[in-house]
Amino acid sequence: MSKVGNNLPKVKKQNEVLIKETIFYNAPITRVEIAEKLNLTLPTITTNVSRMLDENLLCEIDCDTLSEEKALGRKAKYLDINPQSNYCIGIEILLNSVYVCLTDIFGRALYSKKYDTVFTIYEEAVKEIKIYIDDIILKSEIDKNLILGVGVTIPGYIDSQIGFIKKAVASVWTNRFLSSDLQRETDIPVFVENNVRARAIAYKIFKRDSSLVDYAYFMVSRGIACPLILGSKVYKGNHYSTGEIGHTIVDRNGPVCSECGRKGCLEAIASESAICNQCEDLIKSNGDTVLKKICKDINNINIEEVLEAQQKNDRAVNDIVRKSIEILAISLSNIINYISVPYIIIDSMLLSTERNQKMFTDVFYENLLYINDEKTKTVFLPSDVNRGALGGCALALQKTIFRY
């Protein structure tokens, strides 16, 4: 009996989280429908819902489009999450910039800002981030008490359970407990996660799609990563490096990676940084290119300039881009042949054009096993500079409302 008694608070908390999730992903929904979905008693649902209504987390709404069966009896009251009940702040820290945004519970941005910043001293960086947080709360005119938390996302190897950055692309953040340090400064709960894993979390949460249970999130930018969502949760394994497809070796005689130090990893060959480096070499060896006329600085080419040169049919650039896309597509097909998830979400400026998307999908599906080729759907996301910060907002929401 004592064992059951000791577990009762835990069961109540689990039920509360399940009810919140069910409403969040299935609204508008009635109390009876929640009970049926969760196989819980109606009094359990009613008690939890009443408390959430009192806390302003939920709202009751009129649903005009009722089925004939529902319309016959007493009109049921439908529930949804109250989007103005709470807010989240998301921050993405990159090498040379910081993106900050504040959203409601549904991920709708109320305020966002970019800071061109290079941090060199950790203690000063924490204080500067605190200033950004204070500023966004002030500018958005949101009561600080309604802020659920701050989600910080950063490229690197992160232990999100304790908010510890084992290693970051920018060394100033390496071996730091950023979560606790920033929380002391702000007096707001702070959570830290790898920036691509946070984006993967945000895709499901802010889409509010309960059918998104298993998927891969493939991001190609300065680096390359492919975290997995399995059973609606990020698969993390036993180490910090889960999803780091960018450091799998594709050519043992390839260029040395500036991050992992090995030759011929995918990131050193086919990331947006690698493509830009190859294009810089191209211009220096062959000055007569479309790309050279486009570039503002031939020693600092960006992917937007590469895509413009490709669109203007720079043959040498086209060849570099095509080879990189083929390698990316084959690498991803290898992953899907191994894990066989039904959806792949693709987040990449390189793959934002229809031309490159077709090139990618042609090679990708060509290399899938026949059992996967008709069941695996690719979704290309539009470019959004705030997506990493939105991932931080989703992280804060996940850790506070859904508590995992």
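**Reading the model**

Modeller: N39 counts as exposed, at 71% relative accessibility. Bear in mind throughout that this is a predicted model.

Colleague: Where is N39 found?

Modeller: N39 is in the loop between α2 and α3, just after α2.

Colleague: Which residues of α2 are buried?

Modeller: The buried residues of α2 are R31, E33, I34 and A35. The cut-off for buried is under 20% relative accessible area. L38, which lies in helix α2, has 21% and is therefore partly exposed.

Colleague: What does L38 touch, leaving aside its neighbours within four places in sequence?

Modeller: With those neighbours left aside, L38 is in contact with L18, I19 and T22.

Colleague: Which pair of residues does a cis peptide bond join?

Modeller: A27 and P28 are joined by a cis peptide bond, with omega about 0°. P28 is found in the loop between α1 and α2.

Colleague: And where does P189 lie?

Modeller: P189 lies in the loop between α6 (178-186) and β9 (190-194). With a relative accessible area of 34%, P189 is partly exposed. Its contacts, apart from neighbours within four places in sequence, are L148, G149, V150 and Q183. Sequence distance and spatial distance should be read separately: P189 and T400 are 211 residues apart in sequence, while their C-alpha atoms are 8.7 Å apart.

**The cores**

Colleague: How many residues does the largest nonpolar core have?

Modeller: The largest nonpolar core has 46 residues, and I23, F24, I205, Y217 and L397 have the most contacts inside it. Elements that each supply at least two residues of this core include α1 (2-26), β4 (98-104), α7 (195-207), β10 (215-220) and α15 (387-402). The largest share, nine residues, comes from α15.

Colleague: How many residues of α15 are buried?

Modeller: In α15, 16 of the 16 residues are buried, so this helix is largely enclosed by the rest of the structure.

Colleague: What describes two packed helices?

Modeller: The description uses the angle between their axes and the distance between the axes. Helices α12 (residues 315-339) and α13 (residues 354-366) pack at about 45°, with axes 8 Å apart. That angle makes α12 oblique to α13. Their crossing is right-handed.

Colleague: Which residues make the contact of α12 with α13?

Modeller: From α12, the contributors include V321, R322, I325, L328 and L332; from α13, they include M359, F360, V363 and F364. By type, the residues of this contact are 11 nonpolar, three polar and three charged.

Colleague: At what angle do α9 and α12 pack?

Modeller: Helix α9 (residues 272-285) packs with α12 at an angle of about 155°, and the axes are 10 Å apart. The two helices are therefore roughly antiparallel to each other. The crossing of α9 and α12 is right-handed. In α9 the contact is made by I275, Q278, C279 and L282, and in α12 by A316, V317, I320, V321 and S324. These residues divide into seven nonpolar, two polar and no charged.

Methods. Residues numbered from 1 in each chain as written. Predicted model: local features only at pLDDT ≥ 70, side-chain atom pairs only at ≥ 80, totals over all residues. Heavy atoms only, no water. Core = buried A, V, L, I, M, F, W, Y, C linked by side-chain atoms within 4.5 Å. Buried < 20%, exposed > 50% of the residue type's maximum accessible area, 1.4 Å probe, protein only. Helix = DSSP H or I, 4+ residues; strand = E, 2+ residues; numbered from the N terminus. Axes fitted to C-alpha atoms, helices over the stretch in contact; angles between N-to-C directions. Parallel < 35°, antiparallel > 145°, perpendicular 65-115°, else oblique. Left-handed = near helix turned anticlockwise from the far one by under 90°. Contact = heavy atoms within 4.5 Å. Nonpolar A, V, L, I, M, F, W, Y, C, P; charged D, E, K, R; others polar.
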